[in-house]
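Visitor: Please show me the sequence and the model, and then let me ask about them in turn.

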Amino acid sequence: MTRILFRGGRVLDPSCERDEIIDLLVEAGRVTAVGTDLRVDDAELVDASGCWVMPGFVDLHSHLREPGQEYKEDIATGGRAAVAGGFTAVACMANTQPVNDDPATTDFIIDRARQDSPARVYPVAAATRGLEGKVMTEMAALVDAGAVAFSDDGKTIMDSGVMRHVLEYSRLVGVPVITHAEDRTLVANGVMNEGAVSTRLGLPGNPALAEDVLVARDLMLAEFTEAYLHVAHVSTRGAVELIRRARDRGVHVTAEVAPHHLTLTDEAVAGYDTHAKAAPPLRSESDREACCEGLRDGTLDAIATDHAPHAQHEKELDFSEAPPGMIGLETAAAVTLELVRAGVLTPLEWVRRLSTNPARILGRAGGGLGEGQVADVTLLDPARDWIYDPAKGQSKSRNSPWAGQRLSGRVIATFVDGYRVYDVDRGPLR
Ligand SMILES: [Zn+2]
């Protein structure tokens, strides 16, 4: 039996409001004891002094690109990028080739993950066939195969009647519908946030209104159908406010925000840097502040990466032509620790948004380190500085706006099911 004793770390466990320096014992894949001065023979000792010991992070939103676009990423490299960033589980979006819209593809992803990924992988299935927004997928069969949620992410279901039926059926199978909320007709040919910066750069704008309108529609549909709606990558002040009000009147809605929308604005596009192109786009400072406030007050439940790998030749195109998205699994923790240092979140609330809340949203194990809970553990040194070099990272792609920057806070080791799967000095161990 594998036994690991984490000694002297600051255990941050939002599931039981624990924030204290204490030992943690893991045996056979479970947490078996939390206490002071634990003594166990034949346990592997992990000196956690100076480190945060946390339930493994759970990413609600990754693009692992397999099947079909393995030149960008695959389940093995995406899984290694995940554990290098402290994520012990990732939900992967359905916009693969073929689209994950039938149980055979869901099976394939789960099989590949079991063989190749050090992180747990939870497939999100398409809500409509081929992500075309017209014909619903076979939701019950997809859930039986292991789908944890439904989403046409990357695209928006523009037909309100179809979205209504998707929400209605999702109730029968008991999983959330994740909306990528951008009204396509308002986005038009916009490639960055519509505002002063887009005018200055002469680039067509994608207005905050495109997101607000779709979030408002989906909240109304969720209220009407009494289904469970999860709003992906919230980026506007208007969307935060709409979600806050909907939750106040009892709509079953949760929401996530990406690290880039919490820390960057459309000013990052100023040099026509395609690494700053995302969907939804980087917004204004006012939107960014509203996202931080929404995260602080709990309107936004989770930080999710929207890890979106693209090859170098794709990002070297003109700003208008380059595909949107950036990688984020390996930098999410360090980048969002800025919010802790700025006093937006306490360390415990930060862990809640990276681990406890996303685990709850997916209805999966993890998110806590109480006795009996699964031993998915992330060890982080909050004071360790490092220079992020995507070329030395685990992802196949390098499209990051943080490339070459000094970041503060580093994942030291990651454990899944009680096994060490990542070590900062040795890299991924699977
Ligand atoms: Zn999306």
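The questions and answers below go from the whole chain to single sites.

Guide: This is a predicted model, in which local features need pLDDT of at least 70 and side-chain atom pairs count only at pLDDT 80 or more, whereas totals for chains, interfaces and linings use all residues. Residues are numbered from 1 along each chain as its sequence is written, and side-chain values use heavy atoms, with hydrogens and water left out.

Visitor: How many helices and strands are there in the protein chain?
Guide: Helices (H or I, at least four residues) and strands (E, at least two) are taken as DSSP runs and numbered from the N terminus. On that basis the protein chain has 13 helices and 19 strands.

Visitor: What radius of gyration does the protein chain have?
Guide: The radius is taken over C-alpha atoms, and the globule rule is 2.2 Å times the number of residues to the power 0.38. The C-alpha atoms fill a box of roughly 65 × 45 × 45 Å along the principal axes. For 430 residues a compact globule would come near 22 Å, which agrees with the value for the protein chain, 20 Å.

Visitor: What percentage of the contacts in the protein chain between residues at least 6 apart in sequence join residues at least 24 apart?
Guide: Contact here means heavy atoms within 4.5 Å. Among the contacts between residues at least 6 apart in sequence, the share joining residues at least 24 apart is 74%.

Visitor: Which residues of helix 12 are buried?
Guide: A residue is buried under 20% relative accessible area, exposed over 50% and partly exposed in between (1.4 Å probe, protein chains only), and buried residues make up 61% of the 430 in the protein chain. In helix 12 (residues 332–341), 8 of the 10 residues are buried, so the helix is largely enclosed by the rest of the structure. Just after helix 12, Gly-343 takes a positive phi of about 85 degrees. The buried residues of helix 12 are Ala-332, Ala-333, Ala-334, Val-335, Thr-336, Leu-337, Leu-339 and Val-340.

Visitor: Which residues are the protein donors of the zinc ion?
Guide: Donors are N, O and S atoms within 2.8 Å of the metal (3.2 Å for Na, K and Ca), and since water is not among the atoms, sites may look incomplete. Along the chain the donors follow the spacing D-x26-H-x52-H. They lie 1.9 to 2.2 Å from the zinc ion and are Asp-153 (OD), His-180 (ND1) and His-233 (NE2).

Visitor: Where do Asp-153 and His-180 lie, and are they buried or exposed?
Guide: Asp-153 lies in the loop between strand 9 (149–151) and helix 4 (160–173), and His-180 in the loop between strand 10 (177–179) and helix 5 (184–187), so the pair ties together parts that are 27 residues apart in sequence. Asp-153 and His-180 are both buried.

Visitor: Which residues does Glu-73 contact, leaving aside its neighbours within four places in sequence?
Guide: Glu-73 belongs to the loop between strand 6 and helix 1, and its relative accessible area of 0% makes it buried. Its C-alpha atom is separated by 6.6 Å from that of Ser-395, although the two are 322 residues apart along the chain. With those neighbours set aside, the contacts of Glu-73 are Leu-64, Arg-65, Glu-66, Gly-78, His-307, Pro-309, Ser-395 and Lys-396.

Visitor: How far is Pro-382 from Trp-52 in space, C-alpha to C-alpha?
Guide: Pro-382 is placed in strand 16 (residues 377–387). Not counting residues up to four places away in sequence, Pro-382 touches Gly-50, Cys-51, Trp-52, Arg-341, Ser-408 and Gly-409. Pro-382 and Trp-52 are 330 residues apart in sequence, while their C-alpha distance is 7.3 Å.

Visitor: What is omega for the cis peptide bond that joins Glu-66 and Pro-67?
Guide: Most residues other than glycine have a negative phi, and most peptide bonds are trans. Pro-67 sits in the loop between strand 6 (57–62) and helix 1 (75–84). The bond joining Glu-66 and Pro-67 is cis, and its omega is about 5 degrees.

Visitor: Is Asp-42, with its positive phi, buried or exposed?
Guide: Asp-42 is found in the loop between strand 3 (30–35) and strand 4 (44–47), and its phi is near 55 degrees, a positive value in a residue other than glycine. At 61% relative accessibility, Asp-42 counts as exposed.
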